[in-house]
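Biologist: I have not looked at this one before. Can you put it up and take me through it?

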Amino acid sequence: MASVIIAGVGAYAPERILTNDDLAKMVDTSDEWIRTRSGIRERHIAAPDQACSDLALIAAQRALADAKVSASEVDLLIIATATPDYPLPSTACVVQHKLGVPPHATAFDIAAACSGFVYALEIAYGQLLTGRYKCALIIGSEKLSSITDWSDRTTCVLFGDGAGAAVLKKSDQDGIGIIGSDLGADGELAEYLYTPAGGSRCPASPKTVEEKGHFLRMKGKEIFKNAVRVMETVAREMVEQHHLSLDQINLVIPHQANVRIVEALAGNLGLPMDRFYVNIDRYGNTSSASIPLALDEARKAGKIKPGDYTLLVAFGAGFTYGSTLIRW
Ligand SMILES: CC(C)(COP(=O)(O)OP(=O)(O)OC[C@H]1O[C@@H](n2cnc3c(N)ncnc32)[C@H](O)[C@@H]1OP(=O)(O)O)[C@@H](O)C(=O)NCCC(=O)NCCS
């Protein structure tokens with residue numbers, strides 16, 4: 001039986017760092033509040049002339065180099081983002097051209113917010129297995145600073161910019177690569193995290209700008225509870241489906257939204273915190289980029305070895321969620 005492997009990973013975070021102390025000069029907050037409530041110390045912020053595709057491009061180049069694959073070999077390009085360069089065309093088309101992926105490739109964006117990377121993994125995994133495609137490049141890229149209300153202390157302290165990418169290929173070796181993938185969505189919770197204006201329901205107008213309708217609105221407490229609940233469920237279901245125990249998972253890479261969410265998840269699953277990769281302290285919540293940014297760091301830090309099981313677990317606006325089980 002054939003499998004689909006992650007042949008390379010790459011990430012990029014913009015140069016500029018915004019610390020909690022910097023934020024305390026912008027809104028009524030403090031380093032102490034942000035650290036204790038979220039675990040975040042600092043986040044990266046893209047330059048004004050950097051858009052989603054610019055961050056994606058660098059992450060993609062690094063993932064291709066890591067996989068020793070050239071852009072000309074990519075025939076499926078998927079970008080998961082909530083902050084595309086334009087409402088249309090897709091950011092995937094912009095990156096296809098900039099990166100030199102051939103025009104015969106399939107290129108499109110997906111909207112699954114912070115679960116976007118695991119959604120893209122599932123799509124690429126399925127498509128590669130059909131034999132229709134040979135080499136997929138998937139990217140999570142976000143310039144969340146462009147949809148953040150920098151005068152709202154309840155949201156602006158949480159988010160950051162960044163990108164992460166992975167190259168996926170089919171392999172003849174059985175039992176490695178993506179072992180399982182499972183996704184879900186509960187649209188009843190759609191307004192827990194959303195941008196009210198700028199879409200077809202409420203097109204951009206002077207009034208929507210005045211009302212700050214183009215920025216993120218969030219029900220933090222409700223998201224927190226649902227995040228812990230769905231991540232615990234998908235983690236348990238994934239290991240059970242594959243006849244494993246949670247104990248056999250060498251590393252869990254959760255979506256990085258709040259370290260307290262990860263701590264609650266770890267407690268509910270009965271796993272120690274050192275089994276979870278956490279880098280939210282340095283990046284904040286980078287939405288679809290958060291899991292590939294963490295995956296890239298974890299690999300470079302030697303935390304993933306051949307034969308290891310890694311479990312990715314995500315949740316995000318929608319309310320979307322999902323998990324991917326990988327064996328290296
Ligand atoms: C947002 C979040 C950090 C808030 O933490 P919390 O412990 O629930 O805090 P609360 O919302 O109860 O706020 C407590 C108080 O701090 C205040 N506060 C909110 N943001 C603040 C800030 N940046 N600095 C200082 N005080 C702040 C609130 O106004 C509130 O004051 P009050 O008690 O006088 O009303 C937390 O709920 C969270 O992380 N939720 C998940 C959000 C998320 O993951 N979003 C992305 C999904 S992909």
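Predicted model: local features only at pLDDT ≥ 70, side-chain atom pairs only at ≥ 80, totals over all residues.

Biologist: Ligand first. How many residues surround the ligand, and which are the closest?

Modeller: The ligand is surrounded by 22 residues. The closest are Thr29, Arg37, Arg153, Lys221 and Asn258.

Biologist: What classes do the residues of that shell fall into?

Modeller: Eleven are nonpolar, six are polar and five are charged.

Biologist: Which side chains have an N or O atom by an oxygen atom of the ligand?

Modeller: Asn258 is one of them, with a side-chain N or O atom 2.7 Å from a ligand oxygen. For Arg37, a polar side-chain atom is 2.8 Å from an oxygen atom of the ligand. Trp33 also has a side-chain N or O atom 3.3 Å from an oxygen of the ligand.

Biologist: And how much of the ligand's accessible area does the protein cover?

Modeller: On its own the ligand has 970 Å² of accessible area, and the protein covers 74% of that.

Biologist: Which elements give two or more residues to the shell?

Modeller: Those are helix 2 (31-38), helix 6 (153-156), helix 8 (220-241) and helix 9 (259-269). Helix 8 has the largest share, with four residues.

Biologist: What about domains: which ones does the shell draw on?

Modeller: At least three residues come from each of domain 1 (3-174) and domain 2 (178-327).

Biologist: Where is Phe319, then?

Modeller: Phe319 is in the loop that runs between strand 12 (309-316) and strand 13 (320-327).

Biologist: Last one. Which residue has a positive phi although it is not a glycine?

Modeller: His243 does, at about 55°. His243 is located in the loop between helix 8 and strand 11 (251-254).

Terms used
Residues numbered from 1 in each chain as written. Heavy atoms only, no water. Near = heavy atom within 4 Å. Polar contact = N/O pair within 3.5 Å; in protein donor to acceptor, adjacent residues only side chain to side chain. Areas by Shrake-Rupley, 256 points an atom, 1.4 Å probe, with all protein chains shown as cover. Nonpolar A, V, L, I, M, F, W, Y, C, P; charged D, E, K, R; others polar. Domains from an automatic or database assignment.
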